[in-house]
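Subject: Structure handover

Hi there,

Please have it open while you read.

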Amino acid sequence: MMNTPNIAKTDILNAFNFRHATKEFDPTKTISDEDMKFILETAHLSPSSFGFEPWHFIVVQDKELRELLKPVAWGAPLKLDTASHFVLGLSMKAPMVKHDADYIMHMMKDVKQLPQEVIDIYSTFYREFQERDFDLDTDKKLFDWSSKQTYIALGNMMTAAALTGIDSCPIEGFHQEKAEALLKEKFGVDTDKYGLSFMTAFGYRKADPEFGKSRRNFEDIVTFK
């Protein structure tokens, strides 16, 4: 039996208050290999719809590749220059996640190692989910669904980083078509199978944020019935 986590609620809330979208990092500070592996492992262990893990993460440490990203990512140049680690979050496109895709069968048969009778039931549920429940009838809708799963991993990585005193910044400030063309040409990404959902910078803040965290009132976003 696995041990039940015993983390103080105040420590978790302190981490959420500590976390902010860090605009500039201290370039003299580097995240240790152990800490970065821990952050990435929380992505690895993240939940996804049907447990199909429709994601891939590229950690961009090569300075030349970071420079190539700048012209296609208007929200990233300062982070690319100063972040200790820079992660690209890729999500699977329709050929990978459609209900009859080879990858889906691989996940059920080889990764989950489900018996055939369970695979048959699972396949029916997944097909009905796509065709009836969520109306995922276009390539764009399927990619958006995959991106939703990949964002779960993003949230977990940023929370894990904050819990260990590491800063982060999620980035959507990029031109998707141009960025994916670059990933195909220079990063070896098969863009027929994967699209870019987000970029994320990790490191240590150069300075504390100028303003405190602002949020709507709790009562404005939660309703109990």
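Two notes on how to read the values. This is a predicted model, in which local features need pLDDT of at least 70 and side-chain atom pairs count only at pLDDT 80 or more, while totals for chains, interfaces and linings use all residues. Residues are numbered from 1 along each chain as its sequence is written, and side-chain values use heavy atoms, with hydrogens and water left out.

**The chain as a whole**

The C-alpha trace spans about 55 × 50 × 35 Å along its principal axes. Of the 225 residues in the protein chain, 41% are buried; buried means under 20% relative accessible area, exposed over 50%, and partly exposed in between (1.4 Å probe, protein chains only). Taking contacts between residues at least 6 apart in sequence, 80% join residues at least 24 apart, a contact being heavy atoms within 4.5 Å.

**Two helix pairs**

Two packed helices are described by the angle between their axes and the distance between the axes. Axes here are lines fitted to C-alpha atoms, for helices over the stretch in contact, and angles run from 0 to 180 degrees between N-to-C directions.

Helix 2 (33-44) packs against helix 8 (residues 139-163) at about 150 degrees, with the axes 8 Å apart. The two are therefore roughly antiparallel (angles under 35 degrees count as roughly parallel, over 145 as roughly antiparallel, 65 to 115 as roughly perpendicular and the rest as oblique). Their crossing is right-handed; a crossing is left-handed if the near helix is turned anticlockwise from the far one by less than a right angle, and right-handed if clockwise. On the helix 2 side the contact uses F38, I39, L40, T42 and A43, which meet A153, N156, M157, A160 and A161 of helix 8. These contact residues divide into eight nonpolar, two polar and no charged.

Helix 6 (residues 102-111) and helix 7 (residues 116-133) pack at about 145 degrees, with their axes 11 Å apart. Helix 6 also passes helix 7 in a right-handed crossing. I104, M105, M108 and K109 of helix 6 make this contact with I119, Y122, S123 and Y126 of helix 7, a set of six nonpolar, one polar and one charged.

S46 sits in the loop between helix 2 and strand 1 (55-59). It is buried, at a relative accessible area of 8%. The S46 side chain reaches the backbone oxygen of T42 at 2.6 Å. Not counting residues up to four places away in sequence, S46 touches W55, I152, A153 and N156.

D167 lies in strand 3 (residues 167-171) and is buried, with a relative accessible area of 2%. Which side chain does D167 join in a polar contact? The partner is R205, at 2.6 Å; a polar contact is a pair of N or O atoms within 3.5 Å, where within protein one must be able to donate a hydrogen and the other to accept it, and residues adjacent in sequence count only if both atoms are side-chain atoms. Beyond four places in sequence, D167 touches F18, H20, T22, F25, A201, F202, G203, Y204 and R205.

**A few other spots**

P170 is also in strand 3, and is partly exposed at 34% relative accessibility. Its C-alpha atom is 6.0 Å from that of M199, 29 residues away along the chain. Leaving aside neighbours within four places, P170 is in contact with L154, M158, M199 and T200.

Most residues other than glycine have a negative phi. F50, in the loop between helix 2 and strand 1, has a positive phi of about 65 degrees. D135, in the loop between helix 7 and helix 8, has a positive phi near 55 degrees.

Best wishes

Conventions
Helices (H or I, at least four residues) and strands (E, at least two) are DSSP runs, numbered from the N terminus. Ala, Val, Leu, Ile, Met, Phe, Trp, Tyr, Cys and Pro count as nonpolar, Asp, Glu, Lys and Arg as charged, and the others, Gly among them, as polar.
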